[in-house]
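Reader: I have a structure open on my screen and would like to walk through it with you. Could you take my questions one at a time?

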Amino acid sequence: MNEHVESPAPRPAFTPMAQRFRGFLPVVVDVETGGFDCNRHALLEIAAVPVEMDENGLLYPGQTASAHVIPAEGTEIDPKSLEVTGIVLDHPFRLAKPEREALEHVFAPVRAAMKKYNCQRAILVGHNAHFDLNFVNATVNRSGHKRNPFHPFSVFDTVTLAGVAYGQTVLARAVQAAGFPWDASEAHSAVYDTEQTARLFCKIVNAWPSSPRT
């Protein structure tokens, strides 16, 4: 007796975005922290900008998602880091969230963008990107968050890209070399640095010809 076996549903075709980056969605991230050690120092701010693609295949920054973060119990804050970032932890309008809630606030639109473009994973784009990724991963592990959309170790680093494209590795100088203004008074805000890094990444990638998928 022959049994009818249904064929598996065909896999959705790659969208141009997924095709451009081998199934990855670039998402620009910046974190502001209480120091340099991701396992010891607190996450204080996080912002993310999923990268979008227009009908001509050109990249542009999507909408920003951000959150202020309540320092997790047991983490430390170096006072010198607060001098650099200007973060006032007890500011009445800071409206900080616990780590897990802050991550979900940022991760949810990332997952929505992945679905939109049929991408399998998000890949973190950052300026000194492994610093940001290490803090994201440490916070995910500490908070028990189970739906981290980011690849655990691969990144696109705008330090390298800007060094190749413009001969500049400092974010402010790279952004200006790309033709964008830079406001030093806004720097070291997670939102501002993320949005500037997103503009830089998109400009560099749009100037680089993409190869057809084979």
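Reader: In which helix is glutamate 99 found?
Author: Happy to start there, with the reminder that this is a predicted model. Glutamate 99 belongs to helix H3.

Reader: Is glutamate 99 buried or exposed?
Author: The relative accessible area of glutamate 99 is 8%. The cut-off for buried is under 20%. Glutamate 99 is therefore buried.

Reader: Which residues is glutamate 99 in contact with, leaving aside its neighbours within four places in sequence?
Author: Let's set aside the neighbours within four places in sequence, as you ask. The contacts of glutamate 99 are then Val69, Ile70, Ala72, Thr139, Arg142 and Ser143.

Reader: How do the axes of H3 and helix H4 lie, oblique or parallel?
Author: Two packed helices are described by the angle between their axes and the distance between the axes. H4 covers residues 129-143, and its axis comes within 9 Å of that of H3, crossing at roughly 125°. Angles over 145 degrees count as roughly antiparallel, and 65 to 115 as roughly perpendicular, with the rest oblique once those under 35 are set aside as roughly parallel. H3 and H4 are therefore oblique.

Reader: Which residues in H3 and H4 meet, and how do they divide by class?
Author: On the H3 side are Glu99, Arg100, Leu103 and Phe107, and they meet Val136, Thr139, Val140, Arg142 and Ser143 in H4. H3 passes H4 in a left-handed crossing. By class, the residues of the contact of H3 with H4 are four nonpolar, two polar and three charged.

Reader: What is the angle between helix H5 and helix H7, and is their packing oblique or parallel?
Author: H5 spans residues 158-166 and H7 spans residues 190-206, with axes 10 Å apart. Their packing angle is about 50°. That angle makes H5 oblique to H7.

Reader: Which residues make the contact of H5 with H7, and what classes are they?
Author: H5 passes H7 in a left-handed crossing. From H5 come Thr158, Leu161, Ala162, Ala165 and Tyr166, while H7 brings Thr197, Leu200, Phe201, Lys203 and Ile204. By class, the contact of H5 with H7 has seven nonpolar, two polar and one charged residues.

Reader: Let's turn to charges. How many salt bridges does a search of the whole structure find?
Author: The search covers the whole structure. The number of salt bridges found is six.

Reader: Which residue forms a salt bridge with glutamate 76, and where is that partner?
Author: The closest N and O atoms of the pair are 2.8 Å apart, and the partner is arginine 40. Glutamate 76 sits in the loop between strand E4 (65-68) and helix H2 (79-85), 36 residues apart from its partner. Arginine 40 is in the loop between strand E1 (24-33) and strand E2 (43-53).

Reader: Which residues are linked in a network of salt bridges with Arg40?
Author: Glutamate 76 is partly exposed because its relative accessibility is 37%, and arginine 40 is partly exposed at 38%. Arg40 is linked in a network of salt bridges with Asp37 and Glu76.

Reader: How far apart are the closest N and O atoms of glutamate 104 and arginine 111?
Author: Glutamate 104 is partly exposed at 28% relative accessibility, whereas arginine 111 counts as buried at 17%. The two form a salt bridge, and the distance between their closest N and O atoms is 2.3 Å.

Reader: What is the phi of arginine 22, and what is the phi of asparagine 128?
Author: Most residues other than glycine have a negative phi. Arginine 22 is in the loop between helix H1 (16-20) and E1, and asparagine 128 is in the loop between strand E5 (121-126) and H4. Arginine 22 is exposed at 57% relative accessibility, while asparagine 128 is partly exposed at 44%. Neither is a glycine, yet phi is positive, at about 55° for arginine 22 and about 65° for asparagine 128.

Conventions. Residues are numbered from 1 along each chain as its sequence is written. This is a predicted model: local features need pLDDT of at least 70, side-chain atom pairs count only at pLDDT 80 or more; totals for chains, interfaces and linings use all residues. Side-chain values use heavy atoms; hydrogens and water are left out. Axes are lines fitted to C-alpha atoms, for helices over the stretch in contact, and angles run from 0 to 180 degrees between N-to-C directions. Helices (H or I, at least four residues) and strands (E, at least two) are DSSP runs, numbered from the N terminus. A crossing is left-handed if the near helix is turned anticlockwise from the far one by less than a right angle, and right-handed if clockwise. Contact means heavy atoms within 4.5 Å. Ala, Val, Leu, Ile, Met, Phe, Trp, Tyr, Cys and Pro count as nonpolar, Asp, Glu, Lys and Arg as charged, and the others, Gly among them, as polar. A salt bridge is a side-chain nitrogen of Lys or Arg within 4 Å of a carboxyl oxygen of Asp or Glu. Buried means under 20% relative accessible area, exposed over 50%, partly exposed in between (1.4 Å probe, protein chains only).
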